[in-house]
Amino acid sequence: MTKVRMGMVGGGEGAFIGAVHRMAAALDGEIELVCGAFSSTKDRAIRSGLALHLPAERVYSSYQDMMLQEAALPADRRMQFVAIVTPNHMHYPVAEAALQAGFHVMSDKPATFDLAQALELRTLVEQTDLLYGLTHTYAGYPLVKEARSRIAAGELGKIRKVSVEYSQGWLAGREEDNSDNKQAAWRLDASKAGISSCMGDIGVHAAHLAEYVSGLEISELCADLTAFVDGRKLDDDGSMLLRFDGGAKGVLTASQICVGEENNLILRIFGELGSIEWRQQEPNTLLLKQANSPTQWLRTGADNLSDVAKLNTRIPMGHPEGYLEAFANIYMAFIANIRARENTAEVSERVDDCPGIGDAVRGMAFIELAVQASNSDIKWHTFTKH
């Protein structure tokens, strides 16, 4: 098989997440970056592309030019999908242009600027019959998939409580708001980030992880969002009470002002028969707890894990796997879909394991409902299915 050809929009010099996407996509040697429009500033776009050793004719000064010129290339040379790694407000227009030009799309989250755009995007994906993937990275960890598999098999019994916490401290100070901090500046700018900073950036990850692992969907929520740092218009902290279909209850907290925290994502799920606990900063351990039994420490790479966990593990146990590998698992699931669609490979187990347009719409609905609920005196707000 030949490598799957990827283009990229955004992710030029000074960007964090673009480099992560490129490293993750390249990890398994199955994807090749062949072109890009890496910045909205022409000089920066060209410098970024040449620094990545791309030929000058495949480095574009705008995403519009990239879609037009790539579509004109022979089928065996043009990109097959585009990775979108821009600030939020550009996700939809780039995805729209890519789909209309005939290219599959892999997007950073959240999918769009608002829910209305996400619904339009879903219609466009359905009309074009092209693939759409979303990098909810934490679903890519082997032991997250192990937890999901065990819960689906009934090992915990009926789920009663879901607790998910995502704490960071990098936006704890007022100085982080200045324009010299590129990553902070756009996340705190409503014209680029949308109606939420904290919930839009990390809260939506926590919500997706809770639903992905538990197999349940949030049906109602009660939210309290806050901008603790003076002068901020968007939230930097939030707490929620959750109700899930099936009767389970939950708690979700997300914060970017917890001084001393790095990227502390913790998931606990409690059932009638047992519970699981997973921590993103110690991702190679999953705790399985049951009444009247010692706690089991399940480890990445062990023989007693499920087939899906093993499929998403690359190296023997005792050799830690982390963020880039989890990110790469999302990419491998996405290109398994591309190859199955183009009949260049047998359908893989991975095909049904890539976050897609349904997750995109649900994520945007979560963000908008969180803000709406926080601004309301009504306690419980129904999570409407769109």
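Is V20 buried or exposed? Select V20 and see. V20 counts as buried, at 5% relative accessibility. This is a predicted model, so every stop on the tour is a computed one.

**Stop 1**

V20 sits in helix 1, residues 17-26. Draw a C-alpha to C-alpha distance from V20 to L324. The two are 304 residues apart in sequence and 7.0 Å apart in space.

**Stop 2: G133**

Next, select G133. G133 is in strand 5, residues 132-134. Is G133 buried or exposed? G133 is buried, with a relative accessible area of 0%.

Show what surrounds it. G133 touches V105, M106, S107, F334, C354 and P355, again not counting residues up to four places away in sequence.

**Stop 3: helix 4 against helix 5**

Color helix 4, residues 91-100. Color helix 5, residues 115-128. Two packed helices are described by the angle between their axes and the distance between the axes. For helix 4 and helix 5, the angle is about 10 degrees and the axes are 10 Å apart. Helix 4 is therefore roughly parallel to helix 5.

Helix 4 brings Y92, A95, E96, L99 and Q100. Helix 5 brings Q117, E120, L121, L124, V125 and T128. By class, this contact has six nonpolar, three polar and two charged residues.

**Stop 4: helix 5 against helix 12**

Show the contact residues. From helix 5, pick L115, A118, L119, L121, R122 and V125. From helix 12, pick I357, A360, V361, M364, A365 and E368. This contact divides into ten nonpolar, no polar and two charged residues.

**Stop 5: a cis proline**

P110 is in the loop between strand 4 (104-107) and helix 5. Look at the peptide bond from K109 to P110. That bond is cis, with omega near -10 degrees.

**Stop 6: two residues with positive phi**

Go to H53. H53 lies in the loop between helix 2 (42-51) and helix 3 (63-71). Phi of H53 is near 65 degrees, a positive value in a residue other than glycine. H53 is exposed, with a relative accessible area of 72%.

Jump to N292. N292 is in the loop between strand 12 (285-290) and strand 13 (296-299). N292 is not a glycine, yet its phi is positive, at about 65 degrees. N292 is exposed, with a relative accessible area of 85%.

**Stop 7: R187**

Select R187 in helix 7, residues 182-187. Is this arginine, R187, buried or exposed? R187 is buried, with a relative accessible area of 12%.

Follow its side chain. The R187 side chain reaches the backbone oxygen of Q183 at 2.9 Å. Then show W170, A193, S197, D201 and L234. R187 touches each of them, not counting residues up to four places away in sequence.

**Stop 8: the cysteines**

Finish with the cysteine sulfurs. A disulfide is a covalent bond between the sulfur atoms of two cysteines. How many disulfides does the model have? The count comes to zero.

Select C198 to check. The nearest cysteine sulfur to that of C198 is in C258, 8.5 Å away. The cut-off for a disulfide is 2.5 Å, so C198 is in no disulfide. C198 is also buried, with a relative accessible area of 0%.

Technical notes. Residues numbered from 1 in each chain as written. Predicted model: local features only at pLDDT ≥ 70, side-chain atom pairs only at ≥ 80, totals over all residues. Heavy atoms only, no water. Buried < 20%, exposed > 50% of the residue type's maximum accessible area, 1.4 Å probe, protein only. Helix = DSSP H or I, 4+ residues; strand = E, 2+ residues; numbered from the N terminus. Polar contact = N/O pair within 3.5 Å; in protein donor to acceptor, adjacent residues only side chain to side chain. Contact = heavy atoms within 4.5 Å. Axes fitted to C-alpha atoms, helices over the stretch in contact; angles between N-to-C directions. Parallel < 35°, antiparallel > 145°, perpendicular 65-115°, else oblique. Nonpolar A, V, L, I, M, F, W, Y, C, P; charged D, E, K, R; others polar.
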